[in-house]
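Please open the model in your viewer and keep the sequence panel beside it.

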Amino acid sequence: MGVIRFDNVGRVFGSKAKPFVALKDINLEVSNKEFVAIVGPSGCGKTTCLRLVAGFDFPSSGRVLVDETEIRRPRPERAVVFQQFALFPWKTVYANIELGLRNQNVARAEREDRIRQILELMNLEPYRDHFPHQLSGGMQQRVAIARAYVLDPEVLLMDEPFGALDAQTRVVMQEELVRLARRNPRTVLFITHAVEEAVYLADRVAIMTRAPGRIKEVLDVRSIREAEKWDSYEKIEDVMDLESFVHLRTHIWRSLREEKAAAAA
Amino acid sequence: MPRRLQIGGATILVLVILWYLSTTVFGLIAPGRFPSPQATIDALGHVLFRGYAGGTLIEHIFNSLRLVILGFLVAVATGVPLGLLMGWNRTAEALINPVFLIIRPIPPLAWIPLAILWLGLGDSAKILVIWFAAFVPSVINTYAGVRTIEKPVLEAAAMLGTPRLRFIREVLVPASSPMIFTGLRLSLQASWTTLVAAELVGAFYGLGRVLNVAQQDLYPGMILVGMIAVAILGWATTKALGKLEMRALSWNQAAALAGRG
Amino acid sequence: MPKRIDFTRSLVLGLGGLIAFLGLWYGLSASGIVPPLFLPTPFEVLDRFIDLLDRRFAGATLPAHLAASFERFAYGFLLAAIVGIPLGLLMGWFRILDEIVSPIFDGLRFIAPIAWVPFAALWFGTGIGGPILIIFAGAFPPCVINAYRGAKFVDPRLIEAANMLGTPNRRVITEILLPASVPSIISGLRVSAGLGWQSLVGAELIVASTGVGYMMVQGQANLSTTTVMSGMIAIGLVGLALDTALRFAERLIERRRGMET
């Protein structure tokens, strides 16, 4: 299982005298093996949402639950892929992926087996003995995704994972993630500020507003994707040309812009 | 041969010729002030074969090197763990930092009289004073090293469920190791300076003792031999540490580049 | 992640750490576990420190000793800055000078400043000249190295921009190269002051006949631990003041350049 539930979650930073309300009344449920993306302007608290599920941070009010259990600390069952990759630069690709398995006391032979599989899946075999600094940004992020996926986590948390990549690499990674997610589905919470990315990847897209961070709207992408057979197209640009895609994207843009106008007024 | 090496070699050669000319041929520098090349070689032969200030050069070198390494190791073995603790544990930091802030401004050499008062002129006083001297840079740089670890790396380790001991060994220490090595280099330098000073103030053997006796004997050749020996040993130990660093930090591109440059 | 703790808690812990440190010291001394001759209580040291403010020991009061030390330090440090900074800048700008001076400099750098003591005494005596040479030996390398780095590693785009704007060469030096290297020079001065001050202490322990270092050696010879510790405190305080002043200058410049971290 891997059901995430935000139950009236609020998060306040700063001192009592000068509080900053980062999140207010967040209610969201991500069902098992569902891919939900949160989009919003920077500083809207979307990363805070992810950190609450990861167990890096805790709500000031309300509860964050995974399978109806409140989160107390980071666990490998809720694997995180960071925007800055956060690979261990002193460990090889192999050792980076291996650490989580060792922590779970997986036997050596099985470790080797599972790592070989994930390396193959992510097209990383030639780099198993490389150090992170010897790889390009895209390759490094592949390793970070492999490090999370190899643990077979119930929940995968991705915090703007492609935000630090150049546009071309980003597209390739998005396509690969779609392939991976369809083949090996997980409960995914995906944070991004790129609207296209959210629409392309997610089953549902939650739109967040800023100060205080609230969920404004949740869109069902999956029904449209399945109706319009997006997955039959191999390339992202073909999907992005479809009228249904354009329509959804424009809707989200408009929704975000209304927010901005409201904030400016 | 690269241009840099050529010019460097030429410079050294010119200097040696100038040295020879000004001391031996033209007598511009009085022999009582600075030794001629011949006087220096004689002094080297003297201390090497007949011994000077209580021992031969090899014995003095061995003694100084032994004390530096012992003191350095004690300082590192205590300083690095304390730095890790202070960097990682806020309570330990809050508790220890003020005491540290008071002790830190006292220069290493200022501990020498106290160490002699406590332990006399023997080896234990030297090790104590090297420990005091080399401890501070080890602690400070390790502490700073832990503090500069990027937060996502720590979060990644937590997310992967890394147990405490493995976390210290495989994440905390390697992540701070570039700074730890900076600390070790400074500690090593402090160790040498302190040892030479302590031996100059009072000792039975050692290169500082050679310098001290040579100064009292007005023996410039021997002073120069002593200084060169100190420089070579300082250089050699620093190089050895640099090799170790290159090996330990081979994963770190920046360090590898810095080590080469 | 290191858990954050709030300000009051860290204040309480810090005070607790200090009190525990002083309490341990007091306990060891007052209970007689360590003979009071070797480890006087903190109060006795404080008492002696205040006493030395107007009582002569080893020929002068503590402030007079400090003044003598500081005078030597100021001369040595200024000399190091006046010679070292221009040398470093020129080495950074002119490759040929870099290639000629670097091998000499690298050789001399490994001689611990304190190893100059015998020659310093031989050449300039033990009054003010000898100690100045030793302070100079300590303070000189950081001045050169940082000025060199500052001059060498100026962002080439700045120079390109200046050239693009048709800036004459002399103005490139005064308005681009020099200001660009100022932050590095200032940090060099800070390191330099620390090493110079420490070398001064070493020099005074060995060769001087006035100054705080001399006072401490006399204290050690008279088995007056309180005097030695008072000297350590005085040296620490002056060192701290020097460092704070230069750190302030460093911050000021960084802030004006918007380099704050």
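**Chains and contacts**

Two residues are counted as in contact if their C-beta atoms, placed from the backbone, lie within 7 Å. Chains A and C do not touch, and their nearest C-alpha atoms are 9 Å apart.

The model is predicted: local features need pLDDT of at least 70 and side-chain atom pairs count only at pLDDT 80 or more, whereas totals for chains, interfaces and linings use all residues. Residues are numbered from 1 along each chain as its sequence is written, and chains are lettered from A and ligands numbered from 1 in the order in which they are written.

**Select chain B**

Chain B contains 11 helices and zero strands. Helices here are DSSP runs of H or I with at least four residues, strands are runs of E with at least two, and both are numbered from the N terminus. Along the principal axes, the C-alpha atoms of chain B fill a box of roughly 75 × 55 × 30 Å.

Of the 261 residues in chain B, 48% are buried. A residue is buried if 20 or more other C-beta atoms lie within 10 Å of its own, exposed if 12 or fewer, and partly exposed in between, with C-beta atoms placed from the backbone. Among contacts in chain B between residues at least 6 apart in sequence, 72% join residues at least 24 apart.

**Hide chain C and show chain A**

Here 16 residues of chain B are in contact with 19 residues of chain A. On the side of chain B that touches chain A, α7 (151–159) and α8 (164–201) of chain B each supply at least two residues. The largest share of that side, six residues, comes from α7(B). Its residues divide into 10 nonpolar, four polar and two charged.

Now select α7(B). Its buried residues are B:L154, B:E155, B:A156, B:A157, B:A158 and B:M159. What covers these buried residues includes α1 (46–54) and β6 of chain A together with α8 of chain B. Just after α7(B), B:G161 takes a positive phi of about 70°.

**Move into chain A**

From β6 (residues 78–81) of chain A, step to β7(A): the two strands pair in the parallel sense over four bridges. Strands are said to pair if DSSP finds at least two bridges between them. A:R78 has A:V155 of β7(A) as its bridge partner.

Which residues of β7(A) are buried on each side? A:V155, A:L157 and A:D159 lie on one side and A:L156 and A:M158 on the other.

Finally, β7(A) pairs in the parallel sense with β8 (residues 187–192) of chain A over five bridges, and A:V155 has A:T187 of β8(A) as its bridge partner. The chain crosses from β7(A) through α5 (residues 167–183) of chain A to β8(A) in a right-handed β-α-β crossover. Right-handed denotes that, with the strands pointing away from the viewer, the path from the first strand over the helix to the second runs clockwise.

Notes
Nonpolar A, V, L, I, M, F, W, Y, C, P; charged D, E, K, R; others polar.
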